[in-house]
Structure formats: structure tokens, C-alpha cells
Amino acid sequence: MKFLRKLLDYVELSIYILFNYLKFYTFYRLFSFKEILDYVKKSSKTRKTSRATLQNIKKINGYISSLLRIKSCMIISIVLFKTFKRNGYKPSLIIGVQKDKKEFKSHAWVKLSEKEFFLSPDEEYKRIMEIT
């Protein structure tokens, strides 16, 4: 019975992550950056609806983003942020910018308990927005 409960939790988490990738991939194509972030702010409430561990969330998120070939840091970070929130964690979604001599870059990443996901240690971005 314990195995079955664990399997169902894993399947539920996978479906939730997959659904959010499909939703935000579509949003990314149809809506403005501001509209997407406004939606994320309004729809992201911390709640404990699953027993997912941090390790399982990261693992499934990585599998599904690879499977769907999604490379956008914005989409990956939003899905990870929403999944952490849904499972009772208190993450921050951070948007940053960087200006080199030749180009302007933007990046999105998630911070959870002083750990940052999808931010390379050798890159420095000026934080312009943080959603909690």
C-alpha cells in the first residue's frame, strides 16, 4: 500500500509539471512578459497538496523539460516555482539582466532557502524583479 501511495504521488507530480509546461509554453507564445508574470503572481499560493520531495521535484522537472525540449529559463523557472509553491515550499522567482559590451541578456531562476536553481555561479545578473 505504501508503494502504491508513493507511485500515485509521483504520477500526480509528473502530470502537474507536464500540464504547467504545456500551459506556460503556450502562454509564452501568446502573451506578453508582463501578462505572464501578473498571472504567476496571482495564481501562485503556497499550499501543501502533495508529499513531493525537493529531489523528486527537481528530477521530474528536469526529465519533462528535456523530453519537451524546453530550454527557456523563464518557462523552466516558472514551472519549478509553481511546483515548489504547490508542495509547501517558499521559493522566489527571480528575473535578472546583464549587459555586456556587445549584448543585453536576461535570465530567470528560482531561489529556495539560499539555494539558486538555473543560475550559473560564474554569471552575475542584476536582479530587477522577485516574486514570492
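**View 1. Glu114, an exposed residue in a predicted model.** Glu114 is exposed, at a relative accessible area of 67%. The model shown here is predicted. Glu114 sits in the loop that runs between β2 and β3. Its phi is near 70°. That value is positive, although Glu114 is a residue other than glycine.

**View 2. Ser113, in the loop between β2 and β3.** Ser113 is not a glycine, yet its phi is positive, at about 50°. Is Ser113 buried or exposed? Its relative accessibility is 67%, and exposed means over 50%, so Ser113 counts as exposed. The strand β3 covers residues 115–117.

**View 3. The largest nonpolar core.** This core holds 29 residues. Which of them touch the most other members? They are Ile17, Tyr21, Phe24 and Leu93. Several elements give two or more residues each to the core. The helices among them are α1 (2–30), α2 (33–43), α3 (54–67) and α4 (73–86). The strands are β1 (92–99) and β2 (104–112). Which element gives the largest share? It is α4, with eight residues.

**View 4. Leu93 and the residues it touches.** The contacts listed here leave out residues up to four places away in sequence.

Conventions: Residues are numbered from 1 along each chain as its sequence is written. This is a predicted model: local features need pLDDT of at least 70, side-chain atom pairs count only at pLDDT 80 or more; totals for chains, interfaces and linings use all residues. Side-chain values use heavy atoms; hydrogens and water are left out. A nonpolar core is a set of buried Ala, Val, Leu, Ile, Met, Phe, Trp, Tyr and Cys residues joined through side-chain atoms within 4.5 Å. Buried means under 20% relative accessible area, exposed over 50%, partly exposed in between (1.4 Å probe, protein chains only). Helices (H or I, at least four residues) and strands (E, at least two) are DSSP runs, numbered from the N terminus. Contact means heavy atoms within 4.5 Å.
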